[in-house]
Amino acid sequence: MPVTWDLHADVVVVGFGAAGAAAAIEAAEAGAQVIALDRYSGGGASVMSGGVVYAGGGTSVQREAGVVDSVDDMYGYLSEEVGDAVSAETLRRFCEGAAAMIDWLSAHGVPFEASLCPYKTSYPSNRHYLYYSGSEAAGAFRDVARPAPRGHRAKGKGTSGKMLYGPLAASAKNAGVHVLSQTRAYSLVVEGGRVRGVECHSLMNAPAHVRRRHRRLGLLSAKPGVYAPRFRYMLERRLARIEKKYSRTVRIEARRGVVLSAGGFVADRVMMAEHAPEYTGGIALGTAGDDGSGITLGTDVGAATAKLGNISAWRFIVPPVPFLGALLVNSAGKRMVDESRYGAALGHAIVEKGGGRGWLLADVDLARDARKQLPHQAMWFQRIQNAGLVRTAVHGNTVEDVARAAGVDPGELRETVERHNAAIASGIADPFGKHDDFRRPIVRAPFTMYDAGIPAGSGLAKMMNPCPMITLGGLVVDEETGGVKDAAGQIIAGLFAAGRTAVGLCSNSYVSGLSLADCIFSGRRAGTHAARGTRHAVDADTM
């Protein structure tokens, strides 16, 4: 039987975060009639984010700040981070278009500022909006590319994701995009081998007081629910009851294409346990909408997936800057990583080399310098995280004493410290590639070890000293169009994907701002080609 459509559009965007907004804007500005579906009331993980966009090659913001950068340097660095997540051609295209991407975002109202952060940090204070957001300054990368600050933080107090998402959402609406909030897509409609539309459950006709209650609960579920999983689960049950009672089925025709941009799956415990069981102990950084539903919509119609086991776990030890000179060791007392790397590299090492456990070793001078610098470098939430780290501290008058207090092998830790100190004294390069700018000997007692592992359970320790995680894999897409591919490498006609629903730039590893940059890059690509109704197939070996 022919499908009876309730609503009609040229392009339907499923998920209205940064990727969905970018896709909707491009499709609408290309002349398409666009409907965007939002599970709750706007933004998803993008609103909760730090609002950092990774871009370089000489952006207008970099130039104003006096930063010298080139496309080749950006490409050289990202080649090491991105690996085979996308082709070299796609990465080059992203780097060559990065400066124009910042101009595009600015033209759509996203505020940036050329205030350069003078120190290494995981997230800059409200005084700074351009910073080294990755591992560019780490020793292993300085021989590959000239380092430059490429983290463009949207200007706004606190974590400024709302200052990125808000203008994009407003621009989409100004372009004529119809946003259907509190609407959950549950099935794609396929006719004649082509995706023709979406079936949804929507509260669009529910009483106003019901929609208000659903909106409030959804906001609470997103934050503070992200730090209190049990609270989130309770709220989600209430939300599900409201949706079951008041939602109705809505079928929306997509005459040219459907774009899936519904986030990742970090909030889905079943998918996490299946694809990345060793990463189930961290904080699920996202909303309840990051439940893999966008990925499932694709796989239900034959889409291929890749890199679902790749997770980014963030163990931030800075601010304060002196902690870059500390030693991060596992329970065997062995170092695991260059401690000056971006927090995702530290988190990965803790999971893969430490089984989720890790300790940061400092001597009395380093600990003193850290306490002194923290107030000038940290935002309020970073102070809380630092307090969570400090409350785990154990002390000892010798390296062996502090190792025993932490439950770390004392003999091996002593050897680690002695090798580290001897290498510095002899001018020998750090075995993990840490640059001399960040190295310092661990010599003066008393010594302190901070628990930098992934906190167990869901109590105060996890809230104060979190290890946030996001998923990186998703649907396989054609890198020219964003069209979703099946297992045979053929594009599924009428279906596109973007953001964390799709494999993209950051699907192997993550540095701050690369996911949002990929959301804009892949979202614009998908929206442009969906508006054109791109149908041609591309062989899998062109990825």
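Contact here means heavy atoms within 4.5 Å, and helices (H or I, at least four residues) and strands (E, at least two) are DSSP runs numbered from the N terminus. This is a predicted model, in which local features need pLDDT of at least 70 and side-chain atom pairs count only at pLDDT 80 or more, while totals for chains, interfaces and linings use all residues. Residues are numbered from 1 along each chain as its sequence is written, and side-chain values use heavy atoms, with hydrogens and water left out.

**The whole chain**

Start with the protein chain, which has 19 helices and 20 strands and whose C-alpha atoms fill a box of roughly 80 × 50 × 45 Å along the principal axes. Buried residues (under 20% relative accessible area with a 1.4 Å probe, protein chains only) make up 59% of its 543 residues. Of the contacts between residues at least 6 apart in sequence, 76% join residues at least 24 apart.

**Helix α13**

Next select residues 343–354, helix α13, where nine of the twelve residues are buried, so the helix is largely enclosed by the rest of the structure. The buried residues include Gly343, Leu346, Ile350, Val351 and Gly354, and what covers the buried residues of α13 includes β12 (311–313) and β13 (327–329). Step just past the helix to Gly355, which takes a positive phi of about 60°.

**The sheet that holds β13**

Strands count as paired if DSSP finds at least two bridges between them; β13 and β14 (residues 359–362) pair over three bridges in the antiparallel sense, and Leu327 has Leu361 in β14 as its bridge partner.

**Helices α5 and α19**

Finally, select residues 88–96 (α5) and 514–532 (α19), whose axes come within 12 Å and cross at roughly 100°, with axes fitted to C-alpha atoms over the stretch in contact and angles running from 0 to 180 degrees between N-to-C directions. The two helices are therefore roughly perpendicular to each other, a term that covers 65 to 115 degrees. Show the side chains of Thr90, Arg93 and Phe94 in α5, which meet Leu514, Ala517, Phe521 and Arg525 in α19.

Methods: Parallel < 35°, antiparallel > 145°, perpendicular 65-115°, else oblique. Buried < 20%, exposed > 50% of the residue type's maximum accessible area, 1.4 Å probe, protein only.
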